[in-house]
Amino acid sequence: MSSYDMVIRGGMVVDGSGGEPYAADVGINGSIIAAVGPDLPAGKQEIDARGLLVMPGFVDVHTHYDGHVTWENRLRPSSSHGITTVITGNCGVGFAPCRREQRDGLLRLMEGVEDIPFPVLATGLPWTWETFPEYLDFIAGRSYDMDVACFVPHAALRVYVMGERGADREEASAQDIREMRGLLEEALDAGAIGIGTSRTLMHRSSDGKAIPTLDASEAEMFGLAEVLRDSDKGVFQIVEDIHLPGGSLDRIRDIAERAQRPVTFTIGSSNDGEDRWRSILGQLEAINDAGISVTAQMLPRGVGMMLGHELTLNPFYSTPTYQRLAKLPLAERVAELRKPEVRAILLSEAPDPNAPSMVGRAVREFETMFELGNPPNYEQPPEASIAARARSAGLTPEEVAYDIMLREDGKGQLYLAMANYPHGNLNAVGEILRHRDVVPGLGDGGAHCGTICDGSYSTFMLMHWGRDRKEGRMPVQEIAHRLARRTALLVGLEDRGLIAPGFKADINVIDFDRLALHAPELTYDLPADRPRLVQRAEGYRATIVSGELVYRDGEPTGSLPGRLVRGARQPQVQESRELSDA
């Protein structure tokens with residue numbers, strides 16, 4: 001008779017605590033890890049992990065699957081990269097609470113901020129809810145290939161209470177704030193894990209309007225923070241323009257002091273060579289040393305944008321001639337682009353300096369633009385940039401970019417490292433990533449369908465920072481700790497991120513030596529037959545969620561044990577191997 005439902009046999013356990021890897025079997029009963037040790041009795045199902053790493057499932061605290069969870073069950077690309085829990089509602093954008101007459105506005109906001117096309121959202125969203133608890137109930141009735149937890153999106157909350165006044169960024173009245181507080185409290189009681197907001201100029205709707213929360217008053221921000229304090233629940237997530245000259249964490253510290261709950265924000269490095277992030281890290285240390293809980297999220301590679309004729313943007317997308325050609329099917333457009341006279345015209349036209357997309361205005365930063373390649377190379381030297389290649393060939397960068405994008409029948413892609421790439425390398429990323437108060441994140445899974453594919457960050461971190469980089473590599477146990485346990489604790493999900501008895505059986509079995517990334521590719525599987533970028537990986541021999549095998553060698557098994565996670569979750573037993581997170 002079998003003692004366990006499943007045994008992962010003979011692997012090297014990297015348990016998520018940060019401690020040294022050790023050889024052991026892992027026994028699972030139901031959705032819980034039952035035992036970890038040598039020579040466990042047989043299981044009903046066995047996975048041979050000899051020569052492989054056994055890690056906890058990764059927790060991605062920054063995604064935008066708010067719409068996807070209403071129309072699909074497999075959350076790609078995240079599910080291809082060992083992610084077993086995702087958090088939605090980041091940056092203050094989402095679809096609940098929402099009145100019928102406010103729907104288009106929220107769709108335009110998500111389209112602009114997160115590059116999810118309006119037709120996708122208009123076709124895919126079933127809109128069977130109005131309030132945030134009703135939205136959670138809808139998700140709770142569905143199943144997924146991973147668990148899902150949700151922030152309340154501040155922009156949706158503000159517009160729900162204030163209507164057009166909220167969308168137009170008018171100051172909230174005392175009554176408005178009272179109503180927002182009441183709705184946030186109701187959402188936390190229903191299982192929201194906190195609130196997400198944005199105060200960055202980069203976040204605009206597709207019609208060019210700034211996000212409704214951009215300049216929300218101190219009274220509004222503090223009022224929402226105090227709901228977390230009074231209920232002793234939730235996390236406050238925020239995006240701020242701290243990267244700008246003179247940027248500081250003063251406002252974030254004030255919010256954290258009011259909330260008396262964890263606050264998390266995004267951090268990175270600009271490409272201008274000024275190490276403003278060092279000052280931010282110093283401020284972050286001081287905040288946490290004072291007993292206030294604030295954690296930064298860092299993408300483990302350049303903040304990148306994919307450019308091409310099939311994608312949302314390219315270096316010519318806003319020129320008058322390309323705007324006319326963009327209406328053609330790809331094959332016809334490519335035929336036109338190959339004509340010498342069309343090429344000459346496009347190379348002579350300047351891009352629109354007032355393009356609606358602020359990100360789109362960066363599409364000619366050729367010094368940090370590269371041909372990504374397959375397998376993709378996310379840390380190329382400056383001499384490999386489009387600008388450097390052009391100088392070497394006696395061409396303009398526009399000419400080099402133009403010709404690359406016409407390869408593969410017009411499917412050639414460029415990679416623009418918009419940030420996190422000062423001095424032409426990822427040294428600053430590595431330094432920030434190792435900081436005690438920083439966790440990996442910002443994969444933005446579900447968002448930026450035609451511009452960004454960073455949902456693979458977990459695989460990249462394991463490969464690049466754990467195995468392949470010549471200098472500055474991180475121990476694999478530290479990477480597992482940061483990808484799984486630190487992120488789980490950040491959002492209050494204490495029941496996962498560790499391989500230990502009593503913890504949730506979310507586990508990856510990884511062939512570390514064979515771990516590999518494919519180049520991003522387009523797949524036409526969104527509602528309204530629209531495309532999105534996805535990225536496959538090799539080396540994930542098994543991904544287990546709640547004790548069920550959901551992926552074997554990257555292929556789905558048909559099992560969908562993932563569910564909505566409401567609020568904080570505690571482990572069934574006291575953990576014993578975990579390192580301090582201080």
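**Figure 1. Charged side chains of the predicted chain.** Lys and Arg count as positive and Asp and Glu as negative, while His and the chain ends are not counted. The place of a charge is taken as NZ of Lys, CZ of Arg, CG of Asp or CD of Glu. In this predicted model, the chain carries 60 positive and 84 negative side chains, and the centres of the two sets lie 2 Å apart.

**Figure 2. Overall form of the chain.** The chain contains 19 helices and 25 strands (DSSP runs numbered from the N terminus: helices are H or I of at least four residues, strands E of at least two). The chain is as compact as a globular protein of 582 residues, because its radius of gyration, 23 Å, is close to the 25 Å of the globule rule (taken over C-alpha atoms; the rule is 2.2 Å times the number of residues to the power 0.38). The C-alpha trace spans about 75 × 60 × 45 Å along its principal axes.

**Figure 3. The nonpolar cores.** A nonpolar core is a set of buried (under 20% relative accessible area, 1.4 Å probe, protein chains only) Ala, Val, Leu, Ile, Met, Phe, Trp, Tyr and Cys residues joined through side-chain atoms within 4.5 Å. In the largest core, of 122 residues, Phe 265 and Leu 462 touch the most other members. Apart from it lies another core of 28 residues, including Leu 330 and Met 418.

**Figure 4. Surroundings of Phe 265.** Among the residues that Phe 265 touches are Ile 238, Leu 249, Val 294 and Gln 297, leaving aside those up to four places away in sequence (contact means heavy atoms within 4.5 Å).

**Notes.** Residues are numbered from 1 along each chain as its sequence is written, and side-chain values use heavy atoms, without hydrogens and water. Local features need pLDDT of at least 70 and side-chain atom pairs count only at pLDDT 80 or more, whereas totals for chains, interfaces and linings use all residues.

Key: Buried means under 20% relative accessible area, exposed over 50%, partly exposed in between (1.4 Å probe, protein chains only).
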